[in-house]
Amino acid sequence: MSDVKSLFLHQQKENMGSYLYSTPDPSIEGDTVNGEEYYREIINQSQDYYLYQEEMQLIHQVAHKMAFHVPKEANIIEFGTGTETSVINKTLPFLKAIKQVQNYIPIDLCKTYLHQTEEIVTRELPEILIKPLEEDFIKNVDLVKNFSTPVVFFKGSTITNLSPSICIDFLERISQALQPEGILIVGVDANQNESSLRKAYNTEGGAKFALNIFHLINRELPITNFNPTAFKYDFEWVLGEHCVKHNAISTQPQNFVLDQVSINIKPGEKFHLFSSYKYPIEYFQTIAKKGGLEPLDCFIHENKRMVIHVLKPQQLHK
């Protein structure tokens with residue numbers, strides 16, 4: 001509620017990323033909320049959406065090298081498990097490469113993802129104890145403190161939905177939560193090529209995925225006289241900020257009420273829904289250091305776009 005209000009009132013921007021991967025409500029006939037399916041269509045049908053395939057390839061290539069940094073009897077905490085396909089192709093290779101795992105804690109806001117993850121890991125790795133958590137890990141990083149020897153696995157380049165300042169704050173909280181012997185393994189998109197980015201994001205599928213947020217708003221919140229279809233997608237690449245801005249532009253005037261707050265929208269009004277930051281390797285490592293983390297290792301896909309960073313709290317090196 002607070003995120004949506006601040007978006008429509010232009011009090012906050014790029015704050016809707018956590019709500020992208022929605023699923024239909026089975027009790028609603030013809031429910032139009034289905035961000036999960038739209039994302040699956042993107043990764044399965046778009047040859048230009050390199051992020052998924054290249055990170056998957058990279059994890060398969062370096063899973064054993066990533067596992068080398070995992071302490072014995074670690075608790076593997078995954079931020080954002082993602083789709084069933086993602087768990088099979090990215091999470092499992094990493095878990096299978098680790099010799100000793102105390103617990104596996106998948107965390108996601110999507111119940112469907114958590115159920116699928118639990119079923120897959122239980123079937124493939126029955127010796128691992130699974131403790132799924134339905135949480136917003138961006139806002140609740142401190143939950144990492146509840147587990148000894150934590151290893152946070154954060155694939156999918158989801159961290160690049162965060163602006164540099166928010167990312168530093170997020171990493172500071174992770175650094176504190178990982179003390180004294182935890183590590184962070186995080187996937188990051190380092191692509192700086194506008195043509196490649198435009199082909200990946202500025203598509204019909206990408207637009208459906210981004211704009212489905214308005215259908216979720218219409219379903220979940222106390223809102224009246226709101227038309228979730230009255231927006232068009234706008235791709236914007238800002239090189240100096242290493243940022244793809246995913247905007248929605250209003251296509252018609254709207255006067256609606258959200259939780260007793262009257263909101264007026266004009267045609268052409270732009271709303272910055274979320275961002276995809278593309279952090280070059282050294283730039284991200286600088287951000288990590290500002291956030292209290294020390295780079296331990298770095299794995300780069302052959303196309304130089306997808307990167308996996310291994311980071312550790314700086315205090316351990318003092």
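These legends walk through several close-up views of a predicted model.

**View 1. Helices α2 and α8 cross at roughly 160°.**
Start with helix α2, residues 35-45, and helix α8, residues 204-220, whose axes come within 9 Å. How do the two run relative to each other, roughly parallel or roughly antiparallel? Angles over 145 degrees count as roughly antiparallel, so α2 is roughly antiparallel to α8. The crossing of α2 past α8 is left-handed. On the α2 side, look for Gly35, Tyr38, Tyr39, Glu41 and Ile42; they meet Gly205, Gly206, Lys208, Phe209 and Asn212 of α8. Sorted by class, the residues of this contact are four nonpolar, four polar and two charged.

**View 2. Helices α3 and α4 pack with their axes 7 Å apart.**
Here helix α3 (residues 50-68) packs with helix α4 (residues 84-97) at an angle of about 10°. That makes α3 roughly parallel to α4. Their crossing is right-handed. To trace the contact, find Tyr52, Glu55, Met56, Ile59, His60, Ala63, His64, Met66 and Ala67 in α3, which meet Thr85, Ser86, Asn89, Lys90, Pro93, Phe94 and Ala97 in α4. Which classes of residue make up this contact? The contact of α3 with α4 has nine nonpolar, five polar and two charged residues.

**View 3. Strands β8, β9 and β12 form an open sheet.**
Follow the three strands in the order β8-β9-β12, and you will see antiparallel pairing. As a reminder, strands of a sheet pair through backbone hydrogen bonds. β8 (231-238) and β12 stand at the edges with a single partner strand each, so one side of each has no neighbour in the sheet. On average, neighbouring strands here are turned by 25° against each other, direction ignored. Helix α8 packs on this sheet and touches β8, β9 and β12, its direction making about 120° with that of β8. Seven bridges join strand β9 (residues 243-250) to β12, and Ile249 stands opposite Lys270 in β12.

**View 4. Strands β7, β10 and β11 form another open sheet.**
This sheet has three strands in the order β7-β10-β11, with antiparallel pairing. Which strands stand at the edges? They are β7 (223-224) and β11 (261-265); each has a single partner strand, so one side of each is left without a neighbour in the sheet. Strand β10 (residues 254-258) runs antiparallel to β11 and is joined to β11 by five bridges. Look for Asn255, which stands opposite Asn264 in β11.

**View 5. Phe8 and Phe271 form an edge-to-face aromatic pair.**
The structure holds 24 aromatic pairs, and this view shows the one between Phe8 and Phe271. Their rings are 5.6 Å apart centre to centre, with 85° between the planes. Phe8 belongs to helix α1 (residues 2-8) and Phe271 to strand β12 (residues 270-277), so the pair ties together parts that are 263 residues apart in sequence.

Most residues other than glycine have a negative phi, and most peptide bonds are trans. Is the peptide bond from Gln179 to Pro180 cis or trans? That bond is cis, with omega near 0°.

Note on methods: Residues numbered from 1 in each chain as written. Predicted model: local features only at pLDDT ≥ 70, side-chain atom pairs only at ≥ 80, totals over all residues. Heavy atoms only, no water. Axes fitted to C-alpha atoms, helices over the stretch in contact; angles between N-to-C directions. Helix = DSSP H or I, 4+ residues; strand = E, 2+ residues; numbered from the N terminus. Parallel < 35°, antiparallel > 145°, perpendicular 65-115°, else oblique. Left-handed = near helix turned anticlockwise from the far one by under 90°. Contact = heavy atoms within 4.5 Å. Nonpolar A, V, L, I, M, F, W, Y, C, P; charged D, E, K, R; others polar. Pairing = 2+ DSSP bridges. Phe/Tyr/Trp six-rings, centres within 6.5 Å; stacked < 30°, edge-to-face > 60°.
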